[in-house]
Amino acid sequence: MTKQGITIVAITHRGVGTALKIQKALDICGLSAIVCAPKKYSQPGVTAIETNLADFIKENYNKTKALVAVMATGIIIRAVAPLLESKLTDPPVIGVDATGKFVISLLSGHLGGANDLTRTIVAGINATPVITTASDALGKQSADELARTMHLTIQNPDSLVAVNSAIVNDGNLAAILVDDIKMPLEALSDFDIKKVQTSTQAIEIIDTHYDAGIIITQNPLATIKSKKPLTILNAKRIIVGLGARKDTPAKDIVTTVEKALAQIHVPLQRVTAFATVDIKRNSQPMLDAVEALGAPLEFLSVDALRSVTYADLSPDSAMVQQKIGVGGVCERAALLIAGNNSKLILKKTKLNGTTVAVAEAE
């Protein structure tokens, strides 16, 4: 199910004013949000709630990307409590007082992104953040936060409590990269960083020398037999689709890719491959740019690009359709190379004669 944008719910007249300020702040950051309130507080730009609050929350809980509740924390806690399932699936829930003085990360702070969304709202409305997750309070990164920010999946989520406990209690931890996994090493600054060829070597190192650890690998481990707590993180495939005018210099292509990745907070080292249409095989600027960016470039036929069916593709370009026979390249190319169950995490972005889209797959 495709989730709707962020839902901001207010239940008082003053709260609606704060909710609209939050919506404006999120819009500036490129985040889509709707404001909802009881019918008696409805105004232009506010969607009326036709049911009671509990029923409204229940109806939208698993549909929204995040829930921002402008009300007393006790009210929202009671509304969401019967709906809680798992930190892996529950949406971020954030509480804000009606005057907008405090923004409280209540639920799914790390993996769901509530802590980051709290900081975004705080910056937009000049409020005070309240973030109580232990690792954040201590200035450390939890295993699930690392997974979220680096686009990794957690193979064994039952390990998180023990590994995160070791992190916040100053345990001796290692982050071990298996085979040719690429990661920005600054993202692992709380750990001893090791590189090995096999997961067996990684587990042996943690068992012998550390209190706990994180293993980052491309493929899930078939078995996990360890004496120490360890979390297995599997790298998602991240594919950057490219299109460019014939006369676009390589440096402009590189700049556009870097800006696009920064927009969605994806480190360049996490890009698995680039993809474009096969008529670009002899485009020296494209080849030079991708070589500078440091990942392989895959080429796709026009027929293959035409075959892509995805619910949220950008509108076709009549000019591109006329020139090469398909209405768009970058989104389709990214999705095709990313493979089954992939999704766009950045739709087509245009700059300096270059189009960029980014797809992510498990």
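User: Buried means under 20% relative accessible area, exposed over 50%, and partly exposed in between (1.4 Å probe, protein chains only). Is Leu344 buried or exposed?

Analyst: Leu344 counts as buried, because its relative accessibility is 13%. Please note that this is a predicted model, in which local features need pLDDT of at least 70 and side-chain atom pairs count only at pLDDT 80 or more, while totals for chains, interfaces and linings use all residues. Residues are numbered from 1 along each chain as its sequence is written, and side-chain values use heavy atoms, with hydrogens and water left out.

User: Which strand is Leu344 found in?

Analyst: Leu344 belongs to strand β16, which covers residues 343-351. Helices (H or I, at least four residues) and strands (E, at least two) are DSSP runs, numbered from the N terminus.

User: And which residues is Leu344 in contact with?

Analyst: Contact means heavy atoms within 4.5 Å. Apart from neighbours within four places in sequence, Leu344 contacts Tyr310, Asp312, Glu331, Leu335, Ala357, Val358 and Ala359. Pro91 is 253 residues from Leu344 in sequence, with 19 Å between their C-alpha atoms.

User: Let us step back. How many helices and strands does the chain have?

Analyst: There are 13 helices and 17 strands in the chain. The chain is as compact as a globular protein of its length, because its radius of gyration, 23 Å, is close to the 21 Å that the globule rule gives for 362 residues. That radius is taken over C-alpha atoms, and the rule is 2.2 Å times the number of residues to the power 0.38. Along the principal axes, the C-alpha atoms fill a box of roughly 60 × 60 × 30 Å.

User: What do buried residues make up in the chain?

Analyst: They account for 48% of the 362 residues. Of the contacts with a separation of 6 or more, 61% join residues 24 or more positions apart.

User: How many positive and negative side chains are there?

Analyst: The chain carries 37 positive and 34 negative side chains, and the centres of the two sets are 6 Å apart. Lys and Arg count as positive and Asp and Glu as negative, whereas His and the chain ends are not counted. Each charge is placed at NZ of Lys, CZ of Arg, CG of Asp or CD of Glu.

User: Back to single residues. Where is Thr217 found?

Analyst: Thr217 is in strand β11, residues 212-217. Thr217 is buried, with a relative accessible area of 8%. Beyond residues up to four places away in sequence, Thr217 touches Val178, Ile181, Ile232, Leu233, Asn234 and Ala235. A polar atom of the Thr217 side chain also lies 3.5 Å from the backbone oxygen of Asn219.

User: Is Asn341 buried or exposed?

Analyst: Asn341 is exposed, because its relative accessible area is 72%.

How values were computed:
Polar contact = N/O pair within 3.5 Å; in protein donor to acceptor, adjacent residues only side chain to side chain.
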